[in-house]
Amino acid sequence: MGDMPIWEQIGSNLMWNKIPHYYQLFDNDRTQLGAIYVDTSCLKWEGQPFQGKAPIVEKLSSLPFQKIQHSITAQDHQPTPHSCIISTAVGQLKADEDPHLGFHQMFLLKNINNAWVCTNDMFRLALHNFS
């Protein structure tokens, strides 16, 4: 990691620790995800907007599947103005008995009071219907 720019090192270190933790919470107890959001956080879930920690956790907790498992295949990180880090995760998920589905998720992370929080989160399933 020594040859990477500092923001890539920070992003990789944060995301290798935060993303697995995020998806572990998501897969096992979505009600605990409030710890990574703040009251001004925004989530766009499959095009539906949610703002604030409580509405975000309510949305994620109310998703219809009982069992889910994420598998991350790639991550990318970049610095942004105002000392934030934008990170993307691409991978597969298996919900209940559905086959594996692709997903793409973007996180904007900001250090607030010495804690990295997610201020913006966008999620999309990667569904392709080729005729």
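1. Two strands pair if DSSP finds at least two bridges between them. Helices (H or I, at least four residues) and strands (E, at least two) are DSSP runs, numbered from the N terminus. By this rule β1 pairs with strand β6 (residues 115–126) in the parallel sense, over five bridges. Within that pairing, Tyr37 has Cys118 of β6 as its bridge partner.

2. A note on the model comes next. It is predicted, and local features need pLDDT of at least 70, side-chain atom pairs count only at pLDDT 80 or more, and totals for chains, interfaces and linings use all residues. Residues are numbered from 1 along each chain as its sequence is written, and side-chain values use heavy atoms, with hydrogens and water left out.

3. The sheet is open and has six strands, in the order β2-β1-β6-β5-β4-β3, with mixed pairing. Its edge strands are β2 and β3 (68–80), each of which pairs on one side only. From one strand to the next the twist averages 15°. (Axes are lines fitted to C-alpha atoms, for helices over the stretch in contact, and angles run from 0 to 180 degrees between N-to-C directions.)

4. Two antiparallel pairings belong to this part of the note. Strand β4 (residues 84–95) and strand β5 (residues 101–112) are joined by 10 bridges and run antiparallel; Val90 has His104 in β5 as its bridge partner. β1 and strand β2 (residues 48–51) also run antiparallel, joined by four bridges, and Lys44 is partnered by Pro49 in β2.

5. Helix α2 (residues 53–61) lies across β1 and β2, running at about 40° to β1. Contact here means heavy atoms within 4.5 Å.

6. The hairpin of β1 and β2 has two residues between the strands, and Glu46 takes a positive phi near 50° there. Which residue forms a salt bridge with Glu46? The residue is Arg124, and the closest N and O atoms are 4.0 Å apart. The pair links distant parts of the chain, with Arg124 in strand β6 and Glu46 in the loop between β1 and β2, 78 residues apart. A salt bridge is a side-chain nitrogen of Lys or Arg within 4 Å of a carboxyl oxygen of Asp or Glu. A search of the whole structure finds one salt bridge.

7. Arg124 counts as partly exposed because its relative accessibility is 46%. Glu46 counts as partly exposed because its relative accessibility is 31%.

8. Arg30 sits in the loop between α1 (6–28) and β1 (37–45). Arg30 is buried but has no salt bridge, and Asp29, the nearest side chain of opposite charge, is 7.3 Å away. (Lys and Arg count as positive and Asp and Glu as negative; His and the chain ends are not counted.) The side chain of Arg30 does reach the backbone oxygen of Leu60, at 3.2 Å. Leaving out residues up to four places away in sequence, Arg30 touches Leu25, Val57, Leu60, Ser61, Leu63 and Phe65.

9. Asp27, in helix α1, is also buried without a salt bridge; the nearest side chain of opposite charge, Arg30, is 7.5 Å away. The side chains of Asp27 and His70 are joined by a polar contact of 2.5 Å. A polar contact is a pair of N or O atoms within 3.5 Å; within protein, one must be able to donate a hydrogen and the other to accept it, and residues adjacent in sequence count only if both atoms are side-chain atoms.

Key. Buried < 20%, exposed > 50% of the residue type's maximum accessible area, 1.4 Å probe, protein only.
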